[in-house]
Amino acid sequence: MRVETVWLGRGGQGIVTATYIVANAAVIDGFYALANPEFGAERRGAPVKAFLTIDKSPIEDQEPVKTPDVVVIFDDKLIDTMRFAIDAVKPGGHVIVNTAKSPEEMKKIIGRNDVYLVLLDAVGIALKHVGLPVPNGPLAGAFSKVMGFPRLESIKTAFETQLGKAVEENFAATKEAYETALVVPPERVEQAAKPKGVISTTSAFLTGPYEIVGWPEVSKAGAVFPGSSLFYATGGWRLEKPVIDHSKCIMCRKCWMYCPDDAVVEAWKEVQGPRGRVFRMKVIDFDYQYCKGCAVCADVCPTGAIKMVREI
Amino acid sequence: MTAQALAPVEKKVAQRRIALTGNHAVALAVKMCRPEVIAAYPITPQTPVVEKLAEYVNNGELDAEYIPVESEHSAMSAVIGASAAGARTFTETSSQGLGHMYENLPIAVGMRLPIVMGMAVRTYSAPINVWGDYSDVMSMRELGWIIYIAQSAQEAFDTVIQAYRVAEDSRVHLPAVVAYDGFWTSHVLQPLDVPEDEEEVMRFAPITRSWVRLDVDNPAQLGAVGTPEWYWEVRWQAVEALRESQKVIEEVDEEFGKWFGRRYGLFRTHRTEDAELVVVTYGSLYGLAKKVADRLRQEGVRAGALRLRVIRPWPGDQLKKALEAAEKVFVIDRAINHGAYLQGPMAMELAATLQRPVYSALATIGMRAIDSDMIYEAALKVLKGLWAPNQTYTIGLRGGYE
């Protein structure tokens, strides 16, 4: 028995914590476990890949998981960029997804009929019990449900050790997920079949649109030139997006001043006056390609014109 | 993990299994060793250690003076002062933090202070890179510190306890550093066994206070001038003590095994007895080296693996014996020895020790990702003669020497 898992999410969603909690709970249950996240940018919103291996005997070969038994996806917006991981799941394995989408739609998106599909609205459950969009507790619950370990009680103890706070709230979320996660069994599993692909051993950073050059071509002294942040479409990091009610906006531009990412923009909007004249007026808009959803704009808005709306 | 230790002997101390990251395992071991003064400055990836220790002190679990110093230079200065006053001390750092305390590192040696320092290793900037390789600790090799490199959270925990006992032994009186992989050990959650009763740790490693220290009743000056007529002799005592410390390190390790059921030795070997190829490395990478050796064995190659654990004092004679029969010694280094004949620091030392060419490669620099397949491919190149000895190759460098 050796279960190899990969957990995919974004910084700030508690993905590393989730693997720590499940690993800790597994150790309480008498297993050996190794939670070895791929240590990337360590910043909120950046894609994160974490490995968790559970075994009955000691685990000394600490390396990236290549063909997981289980993939856990924290954010259904990550499916396309992380498809390589879904393809690498062993036939008969499990794909656990945090999503509010319907099973039919999800089945189509995942595109595999030889794995168990486990669906739950982990963010919704987390918001309900914890009040924060941190889906780690619910996903641990779904994991326990389909794998048969670790025991729920052990997960609770692990919350106490790993979080030391909001234990009851998180555990309530875990329990609800355990009870309500939807399991869609595979249509067929060929026992001898191999996964379609393997997760290649790369750095967490090789996700940008860069030309991956060798040492002779790389920028001397690692010098970085202006405009490099344009390559990062940081909009993918969002859990919530700002939406503005123009009727309340007084164009004070505080949001524009405070936005750390130049994602608040002044745009021209064509409007029609009361007597039919068409003219252009300035309005505040958001560049969702770069907006990370940090909510600073909503926070500083003096009239409450900006509201954060859940995206996943 | 227990399987990484030598076969358990009689285990006296009752233990319980918990799960911790390497950093928190080190913090717990330090707490059980009851240092009286801790001075530290946080730096990634070591930060959780000093945070946890601050928490222990703050909530009364550890009765120590915790000095939240403004820099690593001050951290080392403070523990030197406290140790000179007779206190058991602890500090921890990584990378540039070590660089910042560098000026004080040889002073701890010259003053013969049994300071124990943890190190979640991290490469040196620039470019800024907070991730793990062994550049920092390797730059300490010439200073006179005892240097341990641990593989796992369990071993880091055990080694901190051993280090106090060794450092404070009257035959030693030298500072010791316990290094372990930044991130790959420091931030990886894994099971470990810890004593049920913390007192057992203090029974195993009681504070000896046997070192030369400041005492108002018997006034003395420490750190005084050593003119050309005296410096060398004073310093030579530290040289001899470091050499002698090897015996103490082994003794303590053996006794630790009797108490806690885990022993590690000066270095670890895996199927090296009849090996034609031995893959040598250090830190968490050893598990993969072992996996590769097993895979090669299945394919009919007599392969083995060796992990360096105590690199200062250098166990030259023992390594010579362990490796003399191996036709090919392949050293995978995790730090760059810039400009040396071999760019791998441990490859250089092993070549000097064995007095014959070794195979050398660099890997995991700046924590470049690695897996056992990559090590396997490299080992095959050595076996097939595609890689030559006396040259340094790279595993994972784009455009590198593969």
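**Exercise 1.** Find how far apart the centres of domain 1 and domain 2 of chain B are, taken over C-alpha atoms, and work out which element gives the largest share of the side of domain 1 that touches domain 2.

*Solution.* 
- Start with the bounds: chain B splits into domain 1 (8-260) and domain 2 (267-394), where the bounds come from an automatic or database domain assignment.
- Taken over C-alpha atoms, the two centres are separated by 27 Å.
- Next, count contacts (two residues are in contact if their C-beta atoms, placed from the backbone, lie within 7 Å). Here 26 residues of domain 1 of chain B touch 20 residues of domain 2 of chain B.
- Now look at elements; helices (H or I, at least four residues) and strands (E, at least two) are DSSP runs, numbered from the N terminus. On the domain 1 side, α6 (135-138), β6, β7 and α9 (231-260) of chain B each give two or more residues.
- The largest share comes from α9(B), with 5 residues.
- Sorted by class, that side has 13 nonpolar, 9 polar and 4 charged residues. For the classes, Ala, Val, Leu, Ile, Met, Phe, Trp, Tyr, Cys and Pro count as nonpolar, Asp, Glu, Lys and Arg as charged, and the others, Gly among them, as polar.

A quick note before you go on. This is a predicted model, where local features need pLDDT of at least 70 and side-chain atom pairs count only at pLDDT 80 or more, while totals for chains, interfaces and linings use all residues. Residues are numbered from 1 along each chain as its sequence is written, with chains lettered from A and ligands numbered from 1 in the order in which they are written.

**Exercise 2.** Trace the 7-stranded open sheet of chain B and explain why one side of each edge strand is left without a neighbour.

*Solution.* 
- Two strands pair if DSSP finds at least two bridges between them. Walking across gives β3-β2-β4-β5-β7-β6-β12 (chain B), with mixed pairing.
- β3 (65-67) and β12 (310-312) of chain B each have a single partner strand, so one side of each lacks a neighbour in the sheet.
- Neighbouring strands are turned by 20° against each other on average, direction ignored. For such values, axes are lines fitted to C-alpha atoms, for helices over the stretch in contact, and angles run from 0 to 180 degrees between N-to-C directions.
- Zoom in on one pair: β5 (residues 116-121) and β7 (residues 176-181) of chain B are parallel, over 6 bridges. Val116(B) in this pairing sits opposite Ala176(B) of β7(B).
- Helix α7 (residues 153-167) of chain B lies across β5, β6 (146-149) and β7, at about 170° to β7(B).

**Exercise 3.** Which residues make the contact between α10(B) and α13(B), and how do the helices cross?

*Solution.* 
- The axes of α10(B) and α13 (residues 372-383) of chain B come within 9 Å and cross at roughly 55°.
- That makes the pair oblique; angles under 35 degrees count as roughly parallel, over 145 as roughly antiparallel, 65 to 115 as roughly perpendicular and the rest as oblique.
- Leu288(B), Ala289(B), Lys291(B), Val292(B), Arg295(B) and Leu296(B) of α10(B) meet Ser372(B), Ile375(B), Tyr376(B) and Ala379(B) of α13(B).
- The class tally is 7 nonpolar, 1 polar and 2 charged.

**Exercise 4.** Find what gives the most to the side of chain B that touches chain A.

*Solution.* 
- In this interface, 30 residues of chain B contact 26 residues of chain A.
- β1 (15-21), β8 (189-195) and α10 (286-298) of chain B each supply at least two residues.
- α10(B) gives the most, with 4 residues.
- The chain B side divides into 15 nonpolar, 9 polar and 6 charged.
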